[in-house]
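Subject: The model you asked about

Hello,

Here is the structure, with the sequence alongside it. Please open it next to this message, and my notes follow below.

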Amino acid sequence: MSELVNTSTPQNWYLLLSTLLFSIGVMGVLIRRNAIIILMCIELMLNSVNLLLVSFSAYAGNTDGQVFVFFIMVVAAAEVAVGLALLVSIYRNLGSTDIDVLSKLKG
Amino acid sequence: MEQFIQPINLIAPSLWVPLLPLLGFFLLTFFGKQLKSAGPWIASLLVLGSFLLSVYLFVNLGNKQSLDYDVFTWMHWGEVSLNFGFLIDPLSLIMLLVITGIGFLIHLYSIGYMHHDEGFVRFFSYLNLFIFFMLLLVMGNSYLIMFIGWEGVGLCSYLLIGFWYTNDAYNDAAKKAFIMNRIGDLGFLLGMFFMLFYLGGLDFATVLSNAAEFEKGAPLLVVITLLLFVGAMGKSAQLPLYTWLPDAMAGPTPVSALIHAATMVTAGIYMIVRSNILFSLAPFTLEVVMWVGVATSLFAAIIGIKQNDIKKVLAYSTVSQLGLMFAALGLGAYTSGMFHVVTHAFFKALLFLGAGSVIHAMGGEQDMRRMGGLWKYIKVTAITFLIATLAISGIFPFAGFFSKDEILAAAFHHKIVWVLLSVSSMITAFYMFRLFFLTFFTSFRGTEEEKHHLHESPWTMTLPLAILSLFAIGAGFLGMPAVMHMPHWFNGFLAPVVETSKSILGEAHHVDHNTEIMLMLLATALAVTSIVIAYVFYVSRKTVPEPDTETKGLAKWVAKKFYIDELYNAVFVKPMMVLSDVFHVVIDKLVIDLFVNASAWMVGFTGRTLRLVQTGNTGFYLFIMVFAMMVLLLIQLVQ
Amino acid sequence: MLSLLLLLIPLVFSIVIWFTKGITSRAAALVGTLVQLVFTGYAYNVFLAEGSKPFEYLYQMAIKPNLVFHFSMDGISMLMVLLTNLLLPLIVLAGFNRFTERANVFYSLMLLMQMALIGVFISFDAFGYYIFWELALIPIYFIAFNWGGQDRAAVTLKFFIYTLAGSLLMLFGFIYLYTYSPQNSLDWAVLKANPICSCEQGWIFWMLFAAFAIKIPIVPFHTWQPDTYKTAPTQGTMLLSGIMLKMGTYSLIRWLLPIVPDGFKEWQSVAITLSVVGIVYASVIAIMQRDLKKLLAYSSIAHVGLISAGVFTMSRVGLQGSLTQMFAHGINVVGLFFCADIIMNRTGSNQVEGIGGIRKVAPRFAGWFMVIVLGSVALPLTNGFVGEFMLLFSVYSYNTWLSVFAGLTIILGAVYMLRMYQKVVLGDAIIENMQFEDLKWNEQLVLGIIGVLIFALGIYPEPIFELIEPVLKTLTP
C-alpha cells in the first residue's frame, strides 16, 4: 500500500486542502442564493470529506476508508439526481431557483 | 323427650324449611299471572308447610341435641374455607316456630287485607322471600350465613316498605331503612373480619369455642362485640339508628306486623343471644348494650305519647320494647330477653294486625283523632286489641306480664336501670291505653262516609287475630316466675345455649321471693295507675289530641320526635350532598383536570413557540445548521 | 394452538363483517361472537380436562432473536377470556332492536376489539402484549368517535391521548426491562424468574403502573373516564367498562406483581391508599350525579378501586377476591349500562331526575334492573358480594382503619344506587305521555342471562375459584 502514495508528503497538506474545500463549500451554501450553486457546494463539501477519508486510508494503510468513499460517491450521485430533479420541478413551477423565494414552509 | 329419629335423618326436612318459601317466591314471581288468585293461597300454604316442618324438627330434636351440617363450600382461599351450612338448636327452633307460625298467620291475614290491591300477588312473593331470608338468618351455622339473611331481610324490608312505589314518600322511607341498615351492616361485616382474622373462622362452633379461650374483658372481644352490636343497632332500631323504623310504617300493615314488629327487628337480639359467650366475655359491651337499651326504651316511649298515627304509636312502642330486650341482654339475662322476644312477637303482631283491621274498617284512615267509638262496630278486633294492649302493658296474666317481670327482676340489683325501665313500662301502659281509648271508646269522630264504611273484617283477618290473642294470653305461662313454684319451661329449653355464659357471668342476682312478689305488685300497680290516668284523660274527659298546628312547647318537641330526623338531615345528608358536588365540580373538574389540561396546554404552547423558528427562509436554516455544527465542534474541541 | 384459534376467529369474522351490509352485519357479528363463545366453552372444557395445563403457543420472530409472540392460557387468562367472550354476544345482542349507521364498520371494529382484548389476556410476552394493548385502543377510539354523542371529538381525543401517554410510559418500562434482562427477552416467565435489581424496581413500577392506573382508572387518573363513558355509544361503553378496564386490573396481577415484586411492595401502601381514597371519592361524587351514564361511570370507578386495593394487598384472598370481582363487575356493569341505554332510548332523557314512573308501565324491566342494582350493591347471594367480601377482608388484613374507610362503599353504594333507582324507575312518571314499552325479546334475553349469572355466581362461585386458585398459588408467597 505504502508505495501507492508518497508518504513523504506530510499528511497535513491533505488536511489543509480538504479543510479549504470544505470551508469554500460552507461559505457557498451560506452566501449564495441560487439553489443549484448550493447543491454544488454541498457536493464540494462531500468531496472534501472524501479526500480526507482517502488520505487517512492511505496513510494508515487501511482500505476501509476508500470503501466508504465509494459508498459516499454512490449516495451523492443519487442525491444529486433527486436534488436536481426537485430543482427542475421547482424551476418549472416558480420560474426561479432562488431560495429566498422558497418560503412556503414558514411556520 | 324420647328420641326416635336420628338427627342425620332430619337434614332433608330442615333444608325444606327455608326452601319452601323460596319456591313460593319463584312461583309467584314468574307464574303469578297464571296462578291468578291461587297464588297467595299457595304462598300461605308453603309457609304453613315450613311451620309444620319446624314443629316436626322441634318435636324430634328437643333441646338435648342439635343439628349442625354444611351443605357446600361457599368461599375459600388458602387455608380458609367458609361453608354454607345450617344449625338447628333450641334457639333456632324457637325462632323457627315464631317466624313460620306468625308468618303463616300474617300470610293468612294478608289474603283478606291486601285483596283489593293490584300488587296482591307481588306482595305475597315478597313476603315469601322475606320468610326465606329470615329463616336463613336464624338457621345459619355461621355469622356469614346469618349475614346473608341479615341483608336479605333488609332487602325485603326495602321492597315491602316501598311496596306502593308510586308514592315517593314511601320510597324515601324504604331507601332510608335500607341505608340505615347498611350502616349497621358495615359494623357487622367488620366484626366478622375481626372474627375471621383472630378467631379463625366464622362458624359459631369455631368462633365461640376459640373465644372461650380468651380471658374476660379481652380488648379483642370488646371490639368484636361492639361491632356486632352496631349491626344489631341498625337492624333492631336502637339509638342512634332507630329513625328508620317509624318511617317504615309506610309499608302495608301486615308488613309492619311481620317484619317491623315480630321477626326482623328482633334479629339483633337473636344475634346477641347466639353469640352470648362473646358478649359475656366483654363486660364493657354488655354495659353499653344495657344503657343503649334503657335509653332507647325510655326515649321511644316518650315520643310514643304524642303520636297520633295509630301505626306510628305502635312503631315507637316496638322501638321501646326492643330497647327493653336489649337492656335485658345487657344485664346478662339472655333467656329473659329471648322470652320477651317471643311474647312480644305475639302481642305486637296482634296489635299491628288489629290496627290493620281498624285501618281496613276506616277505609285507610290512620289518624286516631278521626276514630273513636269503634268498639261496637268491630267487636272481634276490639276485643283482641284489648287483650294485646293488656299484654303489652304487663297486666297479669297476659304474656307481657311474665316476660317484663323477668326483665325487671333481673334489673332490680341495678337500681337506676330498674327505675328507668319501670318508668318506661309505665309510659308504655299509658300510651297504649291512650291509643286504645282514642280508637275504640267515646264516639266516632270521622266523616259520615267513613262511618258508613265501618265493617268487621273477613274471617281470614279475624282468625289470625283470634289465634294470636290466644298466644298473647297464654304464651306467658311458658316461663313462670320462680315464686309460683312452676317449672320455667322456656329457660329450661334454652339452657344449653346459654350455659357457658352462666358460668362466665357467675350466678345471676336472684331476688328472693318476697321481693319478687313485691316487684310484681309494684309493676302491676304502676301499669294500672297509667291505665287509670289514660282513662280519665281520654274517656272521662273525652280529650282529643289537638291538631298538629296547635302543639306548642315541649309537647311539640315530643310530637316532632325531638327533631332527630331533621338533625340527621342537617348533619349527614345535606353535607354529603354538598360534598358530592364539591368533589365533582371543584376537585374533579378544577383541580385534577387542571393538571390534565395543563399538560395538554404545555404541549400546545411548546408547539406554538417553536413554530416561530420555522421562518421559511432556507438560508436561515442553513446558517443555523452550520452554526450548530460549529458549536458542536467547539464543544468537542474544548473537551 | 387453541389460544391462537381464539385469536383468529374474531379477526376472521371482523374482516368478513366489513363486507356485509346493514342487518346482515349484526347477524354476522352475533354468529361470530357465538362461534367464539362455543369455542371458548370447548377450550374451557379441554382446559379443565387436562388439569388446568396452560395452552402454549410460541411464535419465534426471525427479525430480532428474542422478540416472540408467546400465547398461553393459564387459569387467570382463561377467566378473562371467558368474560370477554361471554359479554361480547350480549353486547352485540343489546344492539339488535335499533338501527346503527354503517353497521358493518361498527361490528367489524367490535370484533377487532374482541381480538385485541383476547390478545392482551393471552400474551405471555411483553412485546406481543404491548401490541395488543395498543391495538385495543384503536377500534374503541373509532367507535366512540364515529358513533358517539355530544362533544365526541374533544372527549375521545382526551381519552385517546390520556391512555396513549400511559402506554408510552409502559413501553419505556418494558424497553428498560428488555435491555437489562439476562437474555434480552421480554417473555413473562423470563422476566418473572429474573427480577431486576430491587433498587430500580421502584420507578419501573411507576412506569407500568401509570399505564394500568389510567386504564383502570384509579383516582386521580380517572378524569377521562366519566365523559368517555357518557359520550361513547352504549355498546362502546359496555366494551370499555365491562372488559377494557379489566385489562388494567388484569395487568396488575399478570405483569406488575410478578415482574417488579419489590417495587410493588415498596409502593404498596401508596397504591392501596390511592385506591381506597378513590372508592370513597367516586362514591360520594356518584351520589349527586345528574347524568345517568356518568353516575354509573363513577360507581364503576368506586368498584374497580376496591378491586385494585385488593390486588395491592398482595395476599391470596385479595387476588382471588379481585379476580372474582372483576368477573362479577364485568357482568354487572354491562347490565347497568344496558338498562341505562334502554331508559335513555325510550324516554330520550339521560338525566337521573325527571324520569320516574317506569316501574308502573314496564314491571319486567324494573324487576331485572333491580336485580342488577342489587348485584352491584353487593347483596349477599349475588355475585357482587362474594368478591366484595373477600376484597374488604383483604384490605382489613392489611390495615383495619383502611378497611373501615373502604367499607363505606357498601353504605355509599346503596345510597347512590337506590337514589338513582328511585328517581328513575319508581314514583310517578314526570314526563308527560311517556311511551315506555316493556322489554323486547333481545333485551329480555340479555338481562335474563345477566340476572341468572348474577345469582349463579353469587351462590356458587366455585367455578371461578377453581380456575384461578392454582395460578394464584404461584403468584403469592
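**Confidence**

Chain B has a mean pLDDT of 86, with 97% of its residues at 70 or more. Please keep in mind as you read that this is a predicted model. For chain C the mean pLDDT is 88, and 98% of the residues reach 70 or more. The model as a whole comes with an ipTM of 0.91 and a pTM of 0.87.

**How the chains meet**

Which chains share the most contacts? Of the 2 pairs of chains in contact, that is chains B and C. Their contact involves 37 residues from chain C and 37 residues from chain B. On the chain C side, at least two residues each come from helix 13 (268–287), helix 15 (316–347), helix 16 (358–361), helix 18 (383–398) and helix 19 (400–424) of chain C. Helix 19 of chain C makes the largest contribution to this side, with 10 residues. By class, the side of chain C that touches chain B has 25 nonpolar, 7 polar and 5 charged residues.

Chain A also meets chain B: 11 residues of chain B are in contact with 11 residues of chain A. On the chain B side, helix 25 (residues 618–638) of chain B gives the most, 5 residues. That side of chain B divides into 4 nonpolar, 6 polar and 1 charged residues. Chains A and C, on the other hand, do not touch, and their nearest C-alpha atoms are 24 Å apart.

**Chain B in more detail**

Chain B is divided into two domains: domain 1 covers 311–344 + 355–551, and domain 2 covers 567–638. How far apart do the C-alpha centres of domain 1 and domain 2 of chain B lie? The figure is 73 Å.

Helix 14 (residues 310–330) and helix 15 (residues 334–361) of chain B pack at an angle of about 175°, and their axes are 9 Å apart. Since an angle over 145 degrees counts as roughly antiparallel, helix 14 of chain B and helix 15 of chain B are therefore roughly antiparallel to each other. The residues that helix 14 of chain B brings to this contact include Leu314(B), Thr318(B), Gln321(B), Leu324(B) and Met325(B). Among those on the side of helix 15 of chain B are Tyr334(B), Val341(B), His344(B), Leu351(B) and Phe352(B). Counted by class, the contact of helix 14 with helix 15 of chain B has 12 nonpolar, 6 polar and 2 charged residues.

Some backbone details sit in one loop of chain B. The peptide bond joining Leu239(B) and Pro240(B) is cis, with omega about 0°. Pro240(B) lies in the loop between helix 8 (219–235) and helix 9 (244–247) of chain B. Ala237(B) is also in the loop between helix 8 and helix 9 of chain B, and Ala237(B) has a positive phi of about 55° although it is not a glycine.

**Chain C in more detail**

Chain C contains 21 helices and 2 strands. Its radius of gyration is 21 Å, close to the 23 Å that the globule rule gives for 477 residues, so chain C is as compact as a globular protein of that length. The C-alpha trace of chain C spans about 70 × 55 × 45 Å along its principal axes.

Is the packing of helix 3 and helix 15 of chain C roughly parallel or roughly antiparallel? Helix 3 (residues 75–94) and helix 15 of chain C pack at an angle of about 5°, with axes 10 Å apart, and are therefore roughly parallel to each other. By class the contact has 11 nonpolar, 1 polar and no charged residues.

Chain C has a cis peptide bond too, between Ile216(C) and Pro217(C), with omega about -15°. Pro217(C) is placed in the loop between helix 9 (198–215) and helix 10 (224–231) of chain C.

Best wishes

Notes
Residues numbered from 1 in each chain as written. Chains lettered and ligands numbered in written order. Predicted model: local features only at pLDDT ≥ 70, side-chain atom pairs only at ≥ 80, totals over all residues. Contact = placed C-beta atoms within 7 Å. Helix = DSSP H or I, 4+ residues; strand = E, 2+ residues; numbered from the N terminus. Nonpolar A, V, L, I, M, F, W, Y, C, P; charged D, E, K, R; others polar. Domains from an automatic or database assignment. Axes fitted to C-alpha atoms, helices over the stretch in contact; angles between N-to-C directions. Parallel < 35°, antiparallel > 145°, perpendicular 65-115°, else oblique. pLDDT = per-residue confidence, 0-100. Rg over C-alpha atoms; globule rule 2.2 N^0.38 Å.
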